[in-house]
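Q: Give me a close look at one part of this model, please: the ligand site. Where does the ligand sit, and which residues are closest?

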Amino acid sequence: MHICLMVRNYYSISMRVVDLRSDTVTLPTEEMLEAMRSAELGDDVYGEDPTVNRLEELAAEKMGKEAALLTTSGTQANLVSVMSQAKRGDEVILEEEAHMYFYEVGAFSALGGLIPRLVKGNMGVITPNDVDAVLRPSDIHFPPTTMICIENTHNRAGGTMWTPAQIKAIHDFAKERKLSVHMDGARIFNAAVAQNLDVREFTQHVDTLMFCLSKGLSAPIGSLAVGDREFIRRARKCRKMLGGGMRQAGVIAAAGIIAIQKMVNRLNEDHTNARALAKGLQKVGVSMDLSRVQTNIVIYDVRVLGIDARDWISRLGLLGVKAGAVDAGRVRMVTHRGVEKDDIEYTLSAAQKVSEDIRKELRSS
Ligand SMILES: Cc1ncc(COP(=O)(O)O)c(C=O)c1O
């Protein structure tokens, strides 16, 4: 992508911008915009928006569940999912770096009244043994544990995936203990495409899930909570309570339908680009575990270069490459539909330049 910068009104220069901060920066396709313009609409709080109804039916069918609910965001879909299954004061088990715990403003506790019990995972995946180790018996002193939440793909672990077998193991364990399993599947289609499996292979082993339309699938807004009819009935009421009841939401749903029908298979391109980016960055000298680069997220540590994440990101930013910080040393780059192969090459040359500049500065200091 190029943007034109007017410099002091005298002349303009064309500067390449490669936005790798997130796949949420993807813009809707022309087809989505046209579908939004011509969508058949109604009041969805009355259940009368035919386009929303079509999207929810399509999402439920895709995921092999009874029903689905369009929400404003992934955060809202996760929140209505837990609030519809666990009551205030319940304990919910999560991987320690779960998005629901880390990045959702504490809504889980602040609005849901739920108590997170964190479990350290391996590349974002937790096992029945991990959960068993923290589960407490029923006792007057302890809050009841009612749910396990998993994340596939796992954002902070680097877009790493759960396999269907790993999900089944947690689900089987959960059923023995009468717990429900919710999957934050914001990027579940990335996991499905990367493993060349139907998405139902993953969803059949969870009670409920959410997935996002507005990440790699490129729709402008929206996520879906998915599960059985009774769960969706409760989630719909909860969404209303949170102010998420939308009226002519068909304008959003119209793009979502295209996202599900047409944008899934191309996620493979993002994975190929992420792999090329990761291998190139390794040559530049950053520290990275390539085995974590499984989908469209690349996380690496720049402290080996003698710089911190913020400084690295701001230097790359001056060259038009945008990235995000995971913590003081780690940087995240996410590939998506707005990033082509030549953008990856450009990013690598920018990273090479920044690392050479740092070396020179360190030598002369
Ligand atoms: C794994 C995961 N879950 C949930 C969300 C929340 O989605 P939203 O930004 O639509 O609230 C994100 C967003 O990046 C995410 O990466």
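A: Pocket first: on a 1 Å grid over the protein atoms alone, a pocket is an open set of points with protein on both sides within 12 Å along at least five of seven lines. A molecule sits in one if more than half of its atoms lie within 2 Å of the pocket's grid points. By that test, the ligand sits in the largest pocket.

Some ground rules: this is a predicted model, where local features need pLDDT of at least 70 and side-chain atom pairs count only at pLDDT 80 or more, while totals for chains, interfaces and linings use all residues. Residues are numbered from 1 along each chain as its sequence is written, and side-chain values use heavy atoms, with hydrogens and water left out.

Now the shell. Counting residues with a heavy atom within 4 Å of the ligand, you get 13 around it, and the closest are Gly74, Thr75, Asn155, Asp184 and Arg187. Helix 3 (residues 74–83) supplies the largest share, 3 residues; helices here are DSSP runs of H or I, at least four residues, and strands are runs of E, at least two, numbered from the N terminus. By class, the shell has 6 polar, 5 charged and 2 nonpolar residues. Charged covers Asp, Glu, Lys and Arg, nonpolar covers Ala, Val, Leu, Ile, Met, Phe, Trp, Tyr, Cys and Pro, and the others, Gly among them, go down as polar.

One aside on aromatics: the structure holds 3 aromatic pairs, meaning Phe, Tyr or Trp (six-membered) rings with centres within 6.5 Å, called stacked under 30 degrees, edge-to-face over 60 and tilted otherwise. Phe189 and Phe211 are edge-to-face, because their ring centres are 5.6 Å apart and their planes are at 90°. Since Phe189 lies in helix 8 (residues 188–194) and Phe211 in strand 9 (residues 208–212), the pair ties together parts that are 22 residues apart in sequence.

Conventions:
On a 1 Å grid over the protein atoms alone, a cavity is a set of points where a 1.4 Å probe fits but cannot get out, and a pocket is an open set with protein on both sides within 12 Å along at least five of seven lines; lining residues have an atom within 4 Å of a point.
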